[in-house]
Amino acid sequence: MSSVERKPEHVVQLVWAGGRSEQVTLTATGKSGGAGEIFSIDEKPGFVAKIYHATTSPDHLAKYRHKIQWMVDYQPALPQVPAEYQHVVQLAWPEALILRQSRFVGFAMRKIAFDHTLELDYLLNRRQAANEGFDADYGKLVTVSFNLASLINCLHQKRIAIVDLKPMNVKVYKASLYVSILDCDGFHIATDEFSSDAPQVTPEYLAPEFQEKSVAHPEAQDRFALATIIFRLLNYGIHPFSGVAADRSNYPPELAGRIEQGLYPYGKAAHTRVRKVPASVHEAFPDGLRELFDRAFASSGYSRPSAQEWIDALSVYANKQSGQMSPCDKGHLRFSGRPCPTCLRDALIQGAEVRRRSFLARLQAAPGRTLKYVQKTLRQTHSSPFQASLAQARLNALQLAPPAPISTRNAIALEILWISGLLIVYWWTR
Amino acid sequence: MSLVAVTALWLLPLLIAWLWRPRQALAPCAWALLIVFGALGAWALWFSLYAHYGEPAGFAFWKPTILYWTLAAMMIAIPLLRWGYPAKIIIGAYFAFSNREWRWINLSLAAMYTIMGGANLWMASESSYKDWVGFKYAIMMNLLIIVLFRLNFVWLPLLIGDVFVQLYRRASAAYRYLTTLF
């Protein structure tokens, strides 16, 4: 069998840090994003290539090249991982430039094993996580939050900010609970040697002071997004700014609008304009975490807790030996000395479930009840005087025309003739 | 659909109508209407189903006028012959009007049909083909109103008051009979 013929544009050159270069062949994976398309690299199975779309303007491509070149040369130091987890890729950081006929077209980065990871988004819904083979409990969620804060802290120490930090851009390793951040070429960099902005944002994770404005303080933005993600992880996916309006007037329908107006209902002090979502379990969180959430969502800028503060707060819960997480009577992990959030959630959902089942039962019984009502109406055997009078009234309404002095069969015969006449008229007038 | 099937499709309801016909004597005006509509229907069936050469050229413009003026002529002639009021048959004897009222209704229908037949000819000769077709469809909306009227005052009471009740009684009797067996 002959080898697969390669298109010339799939043969490219990798330029590693230090200038070493090699020729490789790319194969399309079918995955594509807003900025570029992902290819596998035949000769480097541990890497993938991101090739910017052909429609990218030369100006943008030049900016990308400048940024990627800097990123290739300056790899940030990341949190240490044990030897057995050396395969974990914590950042999809550019490691080589990709040139096609000496022209910059993209970059190579380490490949994240998608089989062993799941999107952080899935952890926001326990059922979705279970479908992906991840049994989420509070111990794991706290550890994922801790690892995410650790990774962000390393970046912040290097004056690098993610800006568009959201669950979709974060992958979680199912076994080790380490996290991996994607789309590193969109990071904000502000070092002494190099700076680059990050225009991409997601309104649901954007701090109030940057809504509909450019992000002037990227680290402050990251602090807000990190707190939002941790809150959602620990509170069954409930966004800190989703709530029930105490007064429907002036309650923005979009999360972005609520963030802008600071409508955070899960604070230790109740909000006057908005109430919490009934299924929220934030009251089962330790006071230390609740205070951090309150600072993150009720303050602004750099007064929000930093990634380091989150590390300090979460480390005791992420560490099994600390004894700060203990099982409840049903065996769920909870914050020691606090009510079990899982049991609390189950009780809240069960109440809603009982109401839903009762409604469904009433709905299912409706056809039977209707049939009985019709039978009673036809037999005129209604026991309730009200129902009897109601049924009588309806029958009278149906008998507007006086009964014909002919049998039903005769009436049907006449109507057949009438319809035939109508069809004849239709033919003559069409 | 083959011609045999099409023929069966219109013949079968007419056969049912014949078998289930009222046995009492028909008013002369009903006979007259039946004959005229039989002729118009035969013509329609012949030219739409069986005549391969189709209807005569230019006849399409005359069709509505022929129908309206035929009806108008009957509306005027039959009462003069003291055969009754055709309006009673067309609208249906489900409304309790006096003979005087029926006479006026009959005359109104006659006038309306006369005007509509003339209007059709005028539109066919004076306006564009497109406008004439539009006019015909506008007139056809009247048929829809008539059908809705009939549905409300005749078919629904017939179905709910007679057919469904009888079916229900029969089903109940069958159910009672079956319960005696087991």
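Author: Let us begin with a pair of strands, β1(A) and β5(A), which run antiparallel and are joined by four bridges. The model is predicted, so local features need pLDDT of at least 70 and side-chain atom pairs count only at pLDDT 80 or more, while totals for chains, interfaces and linings use all residues. Residues are numbered from 1 along each chain as its sequence is written, and chains are lettered from A and ligands numbered from 1 in the order in which they are written.

Reader: What makes β1(A) and β5(A) a pair?

Author: Two strands pair if DSSP finds at least two bridges between them, and β1(A) and β5(A) have four, so the term applies. One of the bridge partners in β5(A) is Ala96(A), which belongs to Trp16(A).

Reader: How many bridges does β1(A) make with β2(A), and in which sense do they pair?

Author: Strand β1, residues 11-16 of chain A, and strand β2, residues 21-32 of chain A, pair over five bridges in the antiparallel sense. Val12(A) is set opposite Val24(A) of β2(A), and Leu14(A) opposite Glu22(A) of β2(A). Four residues lie between the strands of this hairpin, where Gly18(A) has a positive phi near 95°.

Reader: What do the six strands close into, and in what order?

Author: They close into a barrel in the order β1-β2-β3-β4-β6-β5 of chain A, with antiparallel pairing. Neighbouring strands of this sheet are turned on average by 45° against each other, direction ignored. Helix α1, residues 58-73 of chain A, packs on the sheet and touches β4 (47-52), β5 (94-100) and β6 (103-110) of chain A, its direction making about 140° with that of β5(A).

Reader: Why do β7 and β10 of chain A count as edges?

Author: The sheet β7-β9-β10 of chain A is open, with three strands and antiparallel pairing. Strands β7 (117-119) and β10 (179-181) of chain A each have a single partner strand, so one side of each is left without a neighbour in the sheet. Three bridges join β7(A) to β9 (residues 170-173) of chain A, and these two run antiparallel. Glu119(A) has Lys171(A) as its bridge partner in β9(A). Helix α4, residues 138-157 of chain A, packs on this sheet by touching β9 and β10 of chain A, and its direction makes about 40° with that of β10(A).

Reader: How many residues of chain A are in contact with chain B, and how do you know?

Author: Two residues are in contact if their C-beta atoms, placed from the backbone, lie within 7 Å, and by that rule 26 residues of chain A meet 35 residues of chain B. The largest share of the chain A side, 18 residues, comes from helix α11 (residues 408-429) of chain A.

Reader: Why is the angle between α11(A) and α3(B) called oblique?

Author: Helix α11(A) packs against helix α3 (residues 59-80) of chain B at an angle of about 140°, with the axes 7 Å apart. Angles under 35 degrees count as roughly parallel, over 145 as roughly antiparallel, 65 to 115 as roughly perpendicular and the rest as oblique, so α11(A) is oblique to α3(B). The contact is made by Val425(A), Trp428(A) and Thr429(A) of α11(A) with Lys63(B), Pro64(B), Ile66(B) and Leu67(B) of α3(B).

Reader: What is the reach of α3(B), and what is expected?

Author: With 22 residues, α3(B) reaches 31 Å from its first C-alpha to its last, close to the 32 Å expected at 1.5 Å a residue; the expected span is 1.5 Å times one less than the number of residues. After α3(B) comes Arg82(B), whose phi is positive, near 60°.

Reader: Which residues of α3(B) are buried, and what makes them so?

Author: A residue is buried if 20 or more other C-beta atoms lie within 10 Å of its own, exposed if 12 or fewer, and partly exposed in between. In α3(B) the buried residues include Lys63(B), Leu67(B), Tyr68(B) and Ile78(B), and what covers the buried residues includes α11 of chain A as well as α2 (28-50), α4 (86-91), α5 (99-126) and α6 (129-181) of chain B.

Notes
Axes fitted to C-alpha atoms, helices over the stretch in contact; angles between N-to-C directions.
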